[in-house]
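Please consult the sequence and coordinates shown below alongside the text.

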Amino acid sequence: MALPGAAHATTKPEITLRFSHVVAGETPKGLAANRFKVLVEQRSGGRIGVQVFPNARLYGDHDEMQALQLGAVDLVAPSLSKFGRIGLPEFEMFDLPFLFDDLSAVRRITLGPLGQKLLNGLPRQGLVGLGFFDNGFKQMSANRALLEPGDFVGLRMRVQASRVIAAQMRALGARPVTLAFSETRRALATGVVDGTENPVSNFWTQNMHEVQSDLSLTEHGYLGYAVVTNQRFWQHLQAADRDLINQAMQESLAFANQIADTQNDQALQALRQAGTTHIHSLTAAQRVRLRQAVQPVQQQLTQRIGERWMADLRLALRKL
Ligand code: LMR
């Protein structure tokens with residue numbers, strides 16, 4: 001449905017923004033990107049176009065950030081776990097297992113001064129951060145239930161390129177294997193890796209349920225994103241266009257945060273109906289044992305994330 005004030009665009013856009021991402025269209029990120037496209041095109045009367053490239057069709061985890069830095073795309077929204085390898089290891093604080101009790105704790109960081117401070121570091125890499133948004137809490141999958149630390153021993157678990165997540169898997173006795181998101185399903189199918197972690201919306205929309213017999217609802221960590229653009233590109237935009245794009249993005253991120261939970265719930269429901277995969281809930285005692293097993297990760301990774309960042313984090317979460 002057209003939004004108020006929308007014009008009918010028949011002419012070629014004067015500016016086209018290319019928004020590349022690695023997940024499916026029906027995920028919180030995919031839906032936010034599509035919403036952003038609609039808002040920008042309608043509000044600019046078609047003068048600013050947005051092309052969305054989902055599912056790593058244009059660039060995957062290995063090259064999307066570089067493509068952005070080189071100006072080959074204008075917007076990407078990598079998970080916060082993927083900023084460490086471009087020289088911003090402080091973003092890996094979000095990967096610390098069992099850090100956030102709920103999404104309101106996440107907001108204390110992403111909408112507070114610490115979130116702003118994280119975004120302020122992006123120009124060091126030629127980037128500008130437009131904001132954060134959620135996917136949600138991660139679950140563990142494999143071809144067996146993963147309920148106790150002992151269940152992970154010897155498994156090769158696919159991880160994102162985050163040293164914190166790698167350390168988490170090691171603390172559980174598993175072997176972390178870093179792979180791009182777009183390669184994960186195939187690696188699970190061929191036995192290159194045994195298991196992985198992700199919120200259910202990613203698990204379901206990549207058809208990982210076809211190749212994993214068990215999903216354990218561990219909720220052991222958070223997956224969120226930052227939308228970033230190229231600093232040169234951003235500075236060259238007219239101020240009014242920058243405002244329009246930024247406003248549309250802020251609304252799209254708020255929308256993503258509103259729907260993320262529902263998307264994950266719906267994916268879990270669909271997964272139950274598909275009947276391919278055993279879904280396990282953890283008892284409180286099992287969760288405590290997993291939490292205890294990964295406890296050393298905070299200490300081990302403090303130096304990588306940075307003492308100051310960790311102190312700010314604890315303060316923001318009132319975990320002193
Ligand atoms: C992953 O690589 O597992 C996820 O971060 C993919 C995504 O962007 O949600």
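Which elements each supply at least two residues of the lining of the second largest pocket? They are β4 and α9, where helices (H or I, at least four residues) and strands (E, at least two) are DSSP runs numbered from the N terminus. The model is predicted: local features need pLDDT of at least 70 and side-chain atom pairs count only at pLDDT 80 or more, while totals for chains, interfaces and linings use all residues. Residues are numbered from 1 along each chain as its sequence is written, and side-chain values use heavy atoms, with hydrogens and water left out.

**Pockets**

- A pocket is defined on a 1 Å grid over the protein atoms alone as an open set of points with protein on both sides within 12 Å along at least five of seven lines; its lining residues have an atom within 4 Å of a point.
- Grid points are joined across faces, edges and corners, and a volume is the space filled by probe spheres set on the points.
- The largest pocket holds about 300 Å³ of space, and its lining comprises 18 residues, with Leu 119, Leu 130, Gly 131, Phe 132 and Gln 250 nearest the centre.
- At least two lining residues of the largest pocket come from each of α4 (113–120), β4 (127–137) and α9 (239–274); β4 gives the most, namely six.
- The lining of the largest pocket has nine nonpolar, nine polar and no charged residues; here Ala, Val, Leu, Ile, Met, Phe, Trp, Tyr, Cys and Pro count as nonpolar, Asp, Glu, Lys and Arg as charged, and the others, Gly among them, as polar.
- The second largest pocket contains about 170 Å³ of space, and α9 provides the largest share of its lining, four residues.
- Lining residues of the second largest pocket include Leu 103, Phe 137, Glu 219, Asp 261 and Asp 265; by class, the lining has five nonpolar, three polar and three charged residues.

**Cavities**

- Three cavities of 30 Å³ or more are present, a cavity being a set of grid points where a 1.4 Å probe fits but cannot get out.
- The largest cavity, with a volume of about 80 Å³, has among its lining residues Lys 29, Lys 82, Arg 158 and Tyr 225.
- In the second largest cavity the volume is about 50 Å³, and the lining has seven nonpolar, three polar and no charged residues.

**Nonpolar cores**

- A nonpolar core is a set of buried Ala, Val, Leu, Ile, Met, Phe, Trp, Tyr and Cys residues joined through side-chain atoms within 4.5 Å; buried means under 20% relative accessible area (1.4 Å probe, protein chains only).
- In the largest core, which has 55 residues, Phe 83, Phe 94, Phe 100 and Leu 313 touch the most other members.
- A second, separate core of 28 residues includes Phe 19, Ala 32, Ala 77 and Leu 130.

**Aromatic pairs**

- There are eight aromatic pairs, that is, rings of Phe, Tyr and Trp (its six-membered ring) with centres within 6.5 Å; planes under 30 degrees apart count as stacked, over 60 as edge-to-face and the rest as tilted.
- Phe 19 and Phe 36 pair edge-to-face, at 6.1 Å centre to centre and 80° between the planes.
- This pair joins strand β1 (residues 15–20), which holds Phe 19, to helix α1 (residues 28–43), which holds Phe 36, across 17 residues.
- Phe 19 is buried at 3% relative accessible area, and Phe 36 is buried at 0%.
- The Phe 94 and Phe 100 pair is tilted because the ring planes lie at 35°, with centres 6.1 Å apart.
- Ring pairs link Phe 94, Phe 100, Phe 132, Phe 137 and Tyr 222 into a cluster.

Notes. Buried < 20%, exposed > 50% of the residue type's maximum accessible area, 1.4 Å probe, protein only.
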